[in-house]
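This report goes through the arrangement of one structure, from domains to individual residues. The sequence and coordinates are shown first.

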Protein chains: 2
Amino acid sequence: MPQPLTFEITNQSQEHAGRTGVVTTPHGSFQTPAFMPVGTRGSVKGLTPQQVRATGSEIILNNAYHLMLRPGDTQIAELGGVHKFMQWNRPILTDSGGYQAWSMADINQVDEDGVTFKSIIDGSMIRLTPERSIEIQNNLGADIIMAFDDCPSSVEPQTQNLARRRHALTSRDGVMTASEHELRLLQSLDRTARWLDRCKKSHHRQDEQSLFGIVQGGTNLDLRERSVEQVCNIELPGYAIGGVAVGESPEKIQEVVKFTANLLPAQKPRYLMGVGYERDLVSAVASGMDMFDCVLPTRNGRNGHAFTRNGQLHIRNACFKADTRVLEEGCTCATCASGHSRAYLRHLYMSKEMLSGILVSIHNIHHFQSLMIDIRLAIRDNSWSALPNHWPVLQDS
Amino acid sequence: MPQPLTFEITNQSQEHAGRTGVVTTPHGSFQTPAFMPVGTRGSVKGLTPQQVRATGSEIILNNAYHLMLRPGDTQIAELGGVHKFMQWNRPILTDSGGYQAWSMADINQVDEDGVTFKSIIDGSMIRLTPERSIEIQNNLGADIIMAFDDCPSSVEPQTQNLARRRHALTSRDGVMTASEHELRLLQSLDRTARWLDRCKKSHHRQDEQSLFGIVQGGTNLDLRERSVEQVCNIELPGYAIGGVAVGESPEKIQEVVKFTANLLPAQKPRYLMGVGYERDLVSAVASGMDMFDCVLPTRNGRNGHAFTRNGQLHIRNACFKADTRVLEEGCTCATCASGHSRAYLRHLYMSKEMLSGILVSIHNIHHFQSLMIDIRLAIRDNSWSALPNHWPVLQDS
């Protein structure tokens, strides 16, 4: 069977576990460490594919969950697949819908076979199983598709902290204790492994689409280790760390990512899902992670929050009323290069003009892509410690 | 005093009163007949200046009313003027705010000196006079600025039709009868003439900005003639027809425009304000009009209505669900040239994605600019009657 994904490691840092590389897919290559803007419903909100490309983005992420609900995955298949549908003829990754089924539905129920949840569009009950998720992603036709996993919140509910009941739990290493929450996580891990096996078996486009497995386990390192063993026991083109940045502290994220990344196969791309702020990305890269996605640049862009190397600007602030400077001096994004001033962007934001979110989103995605460029150069040149000089936002406060 | 506007007529139709020309302003030239997209609050909704330019637009219109309220005309002056503010370094025209003061405010009151109305932003009472309107437009710094006129609705209120009381009214030709509404129009005409005089006298940037007078008079041709005499009695770089397309029939628009255009000076640009659909434009061009603005391409674009040479497509319609065609075959707009299908645009519209309005607006503005190109060619080549062959929407139904 031909290999639809190759990963060439071009530089290995002498300073930490970080590396640079090139991932090649049926729709072209992207450099790693890579940042993927999120095109939830088949568009990166407010941006044309040309505008997305001009930010330096080489791969984008789409949500299988949203596209399954509307316009429907078979509809997109009939239209020639998601690349043609949205006129983005470069690499695309789709998530499996597992996370959205849990996080967005009012009602959801999990059993050994799959998840049942209420459609956010018409309230009808939707059934997702590993097989159905892969079928959806086969229909969408992204270059990289994600396993459908059982992913309850990795952060222990506050209410459970108060009445934390411990259970005897047999682990590989003997007997350990676990809270009800940890017990639930353990069940979900084992189920995730069984589901991953079903995902792989039902994946009928293995010559065109690369399935990545997802390691879960919350903030419990024992559970993470168990999950890595289970997930990596199944041979796949790449592996992801899920269930991170769902409410825990930056230090906890860092600890979990460093521990888990180190256990993942070195020769395959490692994808950290849904992360994050600049220092989260830099820290994860140094731990050996290669791929990232996050809605921050576009969501914050629409809310008038502009990322800069010195931190975020809240463009609505009165101090920008007469500020003729661009968002960031020397920035080469289309917004700054066109000379759009902070005063103008503030005016557009206050006037609720669509163009505000568009121009700031362009700048923000470009900001993250510029960070990835500098990260890759710092790995190549073994100049990691100089990175915060150019990115003060990375400096310890 | 240097002349900030020149108008060169390049072709005079042998078939009708239409002509082509080039208007040159301090920020460059635009070809006539010209269509100006509307950038109400300092942006053509959802489009970057580059995207607007790529539609073929050479001049845009901004609303003095909206920019006066937010961010404020003095603010824009301090920021270097409206061209720099929105990074559109080509011709700009601002309207005077008169129309918006009447049409958008809940409360407004007119007296000999000016208009008082309630701000749509904070409810405060705003006072506009001819002098203040010109001051605002001087601050904004557009290449062409419009007179502040008294413009009550030109369409007679339905309720007044029922109890139509006639008044004796002395006109130049002797005694004629008029309804209360016509009497009000007559008063507003005379006031508009007095205000135009005040506009010209208070215009302190006559070497940089060209003031256009506005002919009113509703659908009454006697009043239109009277208004032309009063307005054109004041020497100005250009003249506009206002109070058209505010509810009257296409035939009535055509009659009023044809009658009035013929009375305007031939060597100066003639601007028909707020018009309109394709056949309104074509008919007005044949009557000798040179400039047009209308919100239709962008407003309809955001509502999912795409203009084509065969009429409008309502992109939400189920028939487009699997339609892989672009909005219009052979169209060279950025949306069609990028291959965005009707099915994709429908999906974006149904998903309330910003990109829907953006992509359809781009197509729609390009549609009107393509019509203007064909109109100019048809005048040059004296092939007017062939125009509907390429634009079936112009054919009689």
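## Domains of chain A

Two domains make up chain A: domain 1 (6–157 + 166–294) and domain 2 (301–381). The model is a predicted one. Between the C-alpha centres of domain 1 of chain A and domain 2 of chain A the distance is 28 Å. Where the two domains are in contact, domain 1 of chain A contributes 22 residues and domain 2 of chain A contributes 18 residues.

On the side of domain 1 of chain A that touches domain 2 of chain A, at least two residues come from each of β2 (19–25), β4 (34–36), α1 (49–54) and α11 (278–286) of chain A. The element that gives the most to this side is α11(A), with four residues. Sorted by class, this side of domain 1 of chain A holds nine nonpolar, ten polar and three charged residues.

## The antiparallel sheet of chain A

An open sheet of three strands in chain A has the order β1-β2-β3, with antiparallel pairing. Because β1 (6–12) and β3 (28–32) of chain A each have a single partner strand, they stand at the edges, and one side of each is left without a neighbour in the sheet. From one strand to the next the twist averages 15°.

The antiparallel strands β2(A) and β3(A) are joined by five bridges. One of the residue pairs is A:G21 with its bridge partner A:T32 in β3(A). Helix α15 (residues 354–380) of chain A packs on this sheet and touches β1, β2 and β3 of chain A. The direction of α15 of chain A makes about 120° with that of β2(A).

## A loop residue in chain A

A:N262 sits in the loop that lies between α10 (250–261) and β16 (270–272) of chain A. Is A:N262 buried or partly exposed? A:N262 has 13 other C-beta atoms within 10 Å; a residue counts as buried at 20 or more and as exposed at 12 or fewer, so A:N262 is partly exposed.

With neighbours within four places in sequence left aside, A:N262 is in contact with A:A17 and A:G288. A:G288 is 26 residues apart from A:N262 along the chain, and their C-alpha atoms are separated by 7.1 Å.

## A parallel strand pair in chain B

Strand β5 (residues 60–63) of chain B has B:I60 and B:N62 pointing one way, and B:L61 and B:N63 pointing the other way. All four of these residues are buried. β5(B) pairs with strand β6 (residues 92–95) of chain B in the parallel sense, over four bridges. Within this pairing, B:I92 of β6(B) is the bridge partner of B:I60.

## Chains A and B together

Chain B is superposed on chain A by a rotation of 180° with 0.0 Å of shift along its axis, at an RMSD of 0.0 Å. The two copies are therefore related as by a two-fold rotation axis. Of the interface residues of chain B, 100% are also interface residues in chain A, so the copies meet through the same surface.

The contact between the chains takes 31 residues from chain B and 32 residues from chain A. On the side of chain B that touches chain A, α3 (73–78), α4 (82–86), α14 (342–350) and α15 (354–380) of chain B each supply at least two residues. The largest share of this side, five residues, belongs to α14(B). By class, the residues of this side of chain B comprise 13 nonpolar, twelve polar and six charged.

Terms used. Residues are numbered from 1 along each chain as its sequence is written. Chains are lettered from A and ligands numbered from 1 in the order in which they are written. This is a predicted model: local features need pLDDT of at least 70, side-chain atom pairs count only at pLDDT 80 or more; totals for chains, interfaces and linings use all residues. Two strands pair if DSSP finds at least two bridges between them. Domain bounds come from an automatic or database domain assignment. Two residues are in contact if their C-beta atoms, placed from the backbone, lie within 7 Å. Ala, Val, Leu, Ile, Met, Phe, Trp, Tyr, Cys and Pro count as nonpolar, Asp, Glu, Lys and Arg as charged, and the others, Gly among them, as polar. Copies are superposed by least squares on the C-alpha atoms of residues with pLDDT of at least 70 in both. Axes are lines fitted to C-alpha atoms, for helices over the stretch in contact, and angles run from 0 to 180 degrees between N-to-C directions.
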